[in-house]
Amino acid sequence: MTSGKRRALWKGRDRCLDDETTTHRRRRHHCRHQQDNNADTKAKKTKSEGKNYSLMTFDEVPEYMKDNEFIRKYYRGEWPLKQVLFSLFQWHNETLNIWTHLLGFALFLGLIVVNLVHVPQVVDLFGIFRSFPKGAEMNVSHDSKSLLMGTTKLLNLKSINHPGYNYVPMEMAAARWPFYIFLSGSVFCLLSSSLCHLFSCHSYNLSMQLLRMDYVGISVMIITSFFPPIYYIFQCEPHWQIIYLSGITLMGTFTVVTLYSPTLSSGKYRGFRAILFTSMGLFGLIPAVHTSIMNWDNPKRNMILAYELFMALFYLAGTGFYVTRIPERFKPGWFDIAGHSHQIFHVFVIMGALAHYGAALIFLDYRDIVGCDSSL
Ligand SMILES: [Zn+2]
């Protein structure tokens, strides 16, 4: 090696340049050797870090992450919390699961804020439902159109104008808390679901905690969904309010306690969990049948039932996808990033909650007008 080449080799190695001027060749050799070692270590570290934060296949992830064997790739495997947080903005097999419920969370939080801040406008907003066709001849397809129109209008309060409608003074209005209980339950469920999907890949312990929080969130959403209909339907018969609301709260508590068992949180018991949640939802049939029999001739019944029918259909369809894992079971690996059953389930949950929100507005509107003079 020429002295020129040697100089070029050492160029840039600041820490050792001083040694170049000394006569201690051993020391210079040691320095170069140490640099090579450092470079090797650094390279290995970078490689290992890269490997740690790269996405994994189903076969590579730890056992507790193997929830759906039809989703083959794009798993995050036990990443540090910081990387997990940043993965919110990366593509992997949980990205759309996180965002579907995160946007739903923002939507329902927005509905709470809008209802709290713009009370007069929101009361005025109820006029849009009054403009819907009423009567026993109203059919479901018409209701679905109205529901969609109503939902669209709800998101754009300024576009609503009902000059002829005099809103009910707040001192005469029905209690708002059951309405906000439902909205808060939905917000809690959607947020806990998003957090669960985002952070569960970090570690086994965190995953178990978040899964339980997710189940608690679903139970809370189901329980709180019962508050507006039962409270407003049976406003003038408080004993029925107490019976039905205590019943659903007890069922929800039982579900949460049961699901806190680590075994029942596993993928193997997916069907059992679906049965528990569906039973809670079907509990709603009892007060629904009760009120339908008691007030069969009331025209409001059709509109409310249409909304609640849509809610039930959305939830049942969502649960169907959740349990059967369609479509990914037909083409494993094809729907890893987008289109798999859990994402479809999430979208149906939001649509079901929005349909129920529409029904809750009618309940509230009706009680504002008639108080206890008439039953629903
Ligand atoms: Zn989910």
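**Ground rules.** I am working from a predicted model, in which local features need pLDDT of at least 70, side-chain atom pairs count only at pLDDT 80 or more, and totals for chains, interfaces and linings use all residues. Residues are numbered from 1 along each chain as its sequence is written.

**Whole chain.** I looked up the secondary structure and found 16 helices and 0 strands, taken as DSSP runs numbered from the N terminus (H or I of at least four residues for helices, E of at least two for strands). Of the 376 residues, 33% count as buried, a label that requires 20 or more other C-beta atoms within 10 Å of the residue's own, with 12 or fewer meaning exposed, anything in between partly exposed, and C-beta atoms placed from the backbone.

**Record.** The unreviewed UniProt entry lists "transmembrane region" at several spans, among them 177–201, 240–260 and 344–364; such annotations may be inferred rather than shown by experiment. I checked two of these: residues 240–260 are 95% helix with end C-alpha atoms 30 Å apart, and residues 344–364 are 100% helix, their end C-alpha atoms also lying 30 Å apart.

**α9 against α10.** I found that the two axes (lines fitted to C-alpha atoms over the stretch in contact, with angles from 0 to 180 degrees between N-to-C directions) come within 8 Å and cross at roughly 160°. The pair is therefore roughly antiparallel, the term for angles over 145 degrees. The residues that meet include Phe188 and Cys196 in α9 and Leu210 and Met221 in α10, and the residues of this contact divide into 15 nonpolar, 8 polar and 1 charged.

**α5 against α9.** I then took α5 (residues 95–117), whose axis comes within 8 Å of that of α9 and crosses it at roughly 155°. That makes α5 roughly antiparallel to α9. Among the residues that meet are Phe105 and Leu109 in α5 and Val187 and Leu190 in α9; by class, this contact has 13 nonpolar, 8 polar and no charged residues.

**Cys201.** Where is Cys201 placed? I located Cys201 in the loop between α9 (177–199) and α10 (204–225). Cys201 counts as buried because 25 C-beta neighbours lie inside 10 Å. Leaving aside neighbours within four places in sequence, Cys201 is in contact (C-beta atoms, placed from the backbone, within 7 Å) with Met65, Arg76, Gly77, Glu78, Trp79 and Val84. Gly77 is 124 residues away along the chain, yet its C-alpha atom is separated from that of Cys201 by 6.0 Å.

Note on methods:
Contact = placed C-beta atoms within 7 Å. Parallel < 35°, antiparallel > 145°, perpendicular 65-115°, else oblique. Nonpolar A, V, L, I, M, F, W, Y, C, P; charged D, E, K, R; others polar.
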